[in-house]
Every structure is written in C-alpha cells, then in structure tokens.
Amino acid sequence: MTKKNPRYIIFTILYSCLNSRKSFKLIFDHTIQKYPLKSIDIAFILNISKGVFRERRILDQNILLYSKSKKIDKKSLILLYIGAYQLLYCNSIPNYASINTTVDLAKIVANSSSAFINAILRRISKAPYNVRKSLKVESPDIYYSYPKWILDKLYKTYNKKAYSICETNATQPPLWFRINQLKITPDDISEIFNKNKIVFSQDITLSNYFKVKKFD
C-alpha cells in the first residue's frame, strides 16, 4: 500500500481533523489537491471520511465491545474507525477486504498495533454491536450517534423534536441530476441506467431531471 492509496489518504484526513481545529472541508480539500485521484476514489474517500464522523458513537461502541483497553492511541483508533465503518456501512466491500486493507495500512502507520486491529475488526465482523431500538430511550446519543452535549442542547431547545432532527440529519439526501438534452435523450439515459441496474425515477414535470434511488 502506497501513500497514494485512498485508504491511506482517508487516514491522513481523519488524523489531521482529530489533531487540529480546522474544518473538515478545509482539511479534505487541501489533502485531495495533493494527489492525482480519479473521481471514484475521491467519492470513496469522502464517503468513508464523513461516515466515520457521522457514525462515530456507534463505531466507538463496536470497538469498546471487544477491546480490553479503554484507552486506544489515536492512530490505532482511526484505523479501527476506518475498518469498522467499512464492515458496518459499506455493503459493496467484502468483510475480508475491509479487514485486510486496514491491517495493511496499520503496518505502515502503526505497525505495533496491526495484530490488535486485526483481532478487533474480525470480532466486529462476526458479531457487531447491536443497535437496539430500546437505545432510543436508554442512550439516544448512541442510537443517533450524536455527542451527548449536542443532543442535550437540541433537546433543551426543541424537546422531543430533537430526535426527529437527528434522524433527518442522518438520512442521506437523494441524488438528483439534470441531463443535457443536446447531448443525450431521457430514453437513452434510462436505457443506460437499466443496463447498469440503477434504480431511478424521472420527474413528471421536468423530463430532463432524474432521481437516483439505489445503486451499487
């Protein structure tokens, strides 16, 4: 694995974010500019990086479930975040690939922790932390993967509406796009989507607008 590998870049972004007060966007943009990356790699890096922060509370619960040490060094913790996020939220990546690539990365940035990381990720892959519906009441900060202090402020301001705000924020918005009908027709783009098993819908009023519902 080289320093141009997307997973290595994800590690550098997360490590920079957790060691500075700069915004995620600033660090992400600055880091991406350093590497000649394909658009698909940039999308992968953005998905994992933002996903780790979005689901950090759930990731912590999975890691702590199997770690005897409650204090994990920052580099090892970031590696566990990267591996665990792929195991739990990236259905298109096989578990063995999520684990092996993370362990390979660990051998570069935190070699002494590679065996520990391998063991934790394998346990998570076999029996992940159960996000029970009862957590909505017992531990809403874990269920919604929100820092407790933010959730407390939201609840103080909006009462029970705070939880619906959390659910809305956790929902990924639909992907809409407009086609240039001087270059392609709606029928042609529909054919391409069907061929590639992309589930979509076409706007009734504006026929050149499409919404992607599901894709790999």
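Guide: Start with aspartate 141 and arginine 57. Their side chains meet in a salt bridge, with an N to O distance of 2.3 Å. Aspartate 141 belongs to helix H9, while arginine 57 belongs to helix H4, so the pair ties together parts that are 84 residues apart in sequence. This is a predicted model.

Now take the two partners by accessibility. Aspartate 141 has a relative accessibility of 10%, so the residue counts as buried. Arginine 57 reaches 22% and is therefore partly exposed. The cut-off matters here: buried means under 20%. In general terms, side chains of opposite charge can pair when their charged atoms come close.

Step to glutamate 55. This residue is placed in the loop between helix H3 (39-54) and helix H4 (56-66). Its relative accessibility is 15%, so glutamate 55 counts as buried. Glutamate 55 also has a charged partner: its side chain meets that of arginine 54 in a salt bridge, at 3.6 Å from N to O. Arginine 54 is partly exposed, at 26% relative accessibility. Leaving aside residues up to four places away in sequence, glutamate 55 touches Tyr85, Tyr89 and Ser145.

Serine 145 sits in the loop between helix H9 (140-143) and helix H10 (148-158). With 6% relative accessibility, serine 145 counts as buried. Look at the backbone too. The phi of serine 145 is near 55°, a positive value in a residue other than glycine. Most residues other than glycine have a negative phi.

Asparagine 159 repeats the backbone feature. Phi is again positive there, near 55°, and asparagine 159 is not a glycine either. Its place is the loop between H10 and helix H11 (161-170). Asparagine 159 is partly exposed, with a relative accessible area of 42%.

Back to charged pairs. The structure holds four salt bridges. One of them joins the side chains of lysine 25 and aspartate 29, at 2.8 Å from N to O. Both residues lie in helix H2 (residues 24-32), four residues apart, so about one helical turn separates them. Lysine 25 is exposed, with a relative accessible area of 59%. Aspartate 29 is partly exposed, at 30%.

Finish with the sheet. Three strands form an open sheet in the order E1-E3-E2, with antiparallel pairing. Strand E1 (175-178) and strand E2 (199-202) stand at the edges with a single partner strand each, so one side of each has no neighbour in the sheet. On average, neighbouring strands of this sheet are turned by 30° against each other, direction ignored. Helix H12 (residues 186-195) packs on the sheet and touches E1, E2 and E3. The direction of H12 makes about 160° with that of E2. As for the pairing itself, four bridges join E2 to strand E3 (residues 209-214), and the two run antiparallel. Within this pairing, valine 199 has lysine 214 in E3 as its bridge partner.

Technical notes:
Residues are numbered from 1 along each chain as its sequence is written. This is a predicted model: local features need pLDDT of at least 70, side-chain atom pairs count only at pLDDT 80 or more; totals for chains, interfaces and linings use all residues. Side-chain values use heavy atoms; hydrogens and water are left out. Buried means under 20% relative accessible area, exposed over 50%, partly exposed in between (1.4 Å probe, protein chains only). Contact means heavy atoms within 4.5 Å. Two strands pair if DSSP finds at least two bridges between them. Axes are lines fitted to C-alpha atoms, for helices over the stretch in contact, and angles run from 0 to 180 degrees between N-to-C directions.
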